[in-house]
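Please open the structure in a viewer and keep the selection tool at hand.

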Amino acid sequence: MSPDGSTSGPLVIRPLADDDLASLVAIYNEVIATTTAIYRDDPVSLDDRMVWARARQDAGFPVEVATRDDDVVGFASFGPFDPFPGYRHTVEHSVHVRADQRGRGVGRSLVLRMVDAARTGGWHALVARVDADNTASLALHEGLGFERVGQLRQVGRKFDRWLDVVYLQIVFG
């Protein structure tokens with residue numbers, strides 16, 4: 001760790017380990033408390049995220065963490081886009097980065113990892129659902145080849161305001 005408490009070493013992306021779960025929960029709960037990237041208000045518990053991670057991994061989906069100096073600075077995963085069988089070839093990803101690491105390439109690296117995992121895993125489409133006011137995430141996704149395919153207006157509510165969600169996707173050949 002650097003003198004200001006932030007990590008500065010090279011970024012390493014690897015599968016989630018049990019020891020990473022507390023850091024993953026801290027990142028997720030900070031995102032819930034301070035942003036509209038997740039449309040929920042209540043923090044999650046360690047048990048909740050453990051069940052979530054195990055379910056993803058047991059189903060063959062990736063759960064990856066980004067680390068710097070062995071410190072978890074972000075995480076990503078993808079899972080089913082929708083439970084109906086007609087959507088079985090499509091997955092939706094989620095990527096979350098620790099506040100002090102945003103804008104430093106962590107999110108980009110994690111999205112690229114999810115794109116690669118979806119492509120090599122034989123999925124037909126990868127979907128991203130992004131809050132319409134999150135211009136950084138929208139630009140990141142579009143810069144990596146995601147196409148903006150729709151926007152739903154006022155479908156979420158958080159921080160006493162209505163929120164729009166943008167859908168982006170990549171279709172693999």
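**The lining of the largest pocket**

Begin by selecting helix H1 (21-34), helix H2 (46-58), strand E3 (71-80), strand E4 (90-97), helix H3 (106-120), strand E5 (125-131), helix H4 (135-143) and strand E7 (161-171): each contributes at least two residues to the lining of the largest pocket. Helices (H or I, at least four residues) and strands (E, at least two) are DSSP runs numbered from the N terminus. The model is a predicted one, in which local features need pLDDT of at least 70 and side-chain atom pairs count only at pLDDT 80 or more, while totals for chains, interfaces and linings use all residues. Residues are numbered from 1 along each chain as its sequence is written, and side-chain values use heavy atoms, with hydrogens and water left out.

Which element gives the most to this lining? It is E4, with six residues. Next, select Ala-37, Ser-94, Val-95, His-96 and Arg-129, which lie nearest the centre of the pocket among its 41 lining residues. A pocket here is an open set of points on a 1 Å grid over the protein atoms alone, where a 1.4 Å probe fits and protein lies on both sides within 12 Å along at least five of seven lines; lining residues have an atom within 4 Å of a point. The volume of the largest pocket is about 1,100 Å³, taken as the space filled by probe spheres set on the points, which are joined across faces, edges and corners.

Colouring the lining by residue type gives 19 nonpolar, 13 polar and nine charged residues. Ala, Val, Leu, Ile, Met, Phe, Trp, Tyr, Cys and Pro count as nonpolar, Asp, Glu, Lys and Arg as charged, and the others, Gly among them, as polar.

**Along helix H1 and beyond**

Now select Val-31 in helix H1. Val-31 is buried, at 2% relative accessible area (buried means under 20%, exposed over 50%, partly exposed in between, with a 1.4 Å probe and protein chains only).

Proceed to Tyr-39, in the loop between H1 and H2. Tyr-39 is partly exposed, with a relative accessible area of 33%.

**The loop between E2 and E3**

Finally, select Asp-69, in the loop between strand E2 (63-68) and E3. Its phi is near 55 degrees, a positive value in a residue other than glycine, and Asp-69 is partly exposed at 39%. Asp-70 belongs to the loop between E2 and E3 and has a positive phi of about 65 degrees. Asp-70 is exposed, with a relative accessible area of 77%.
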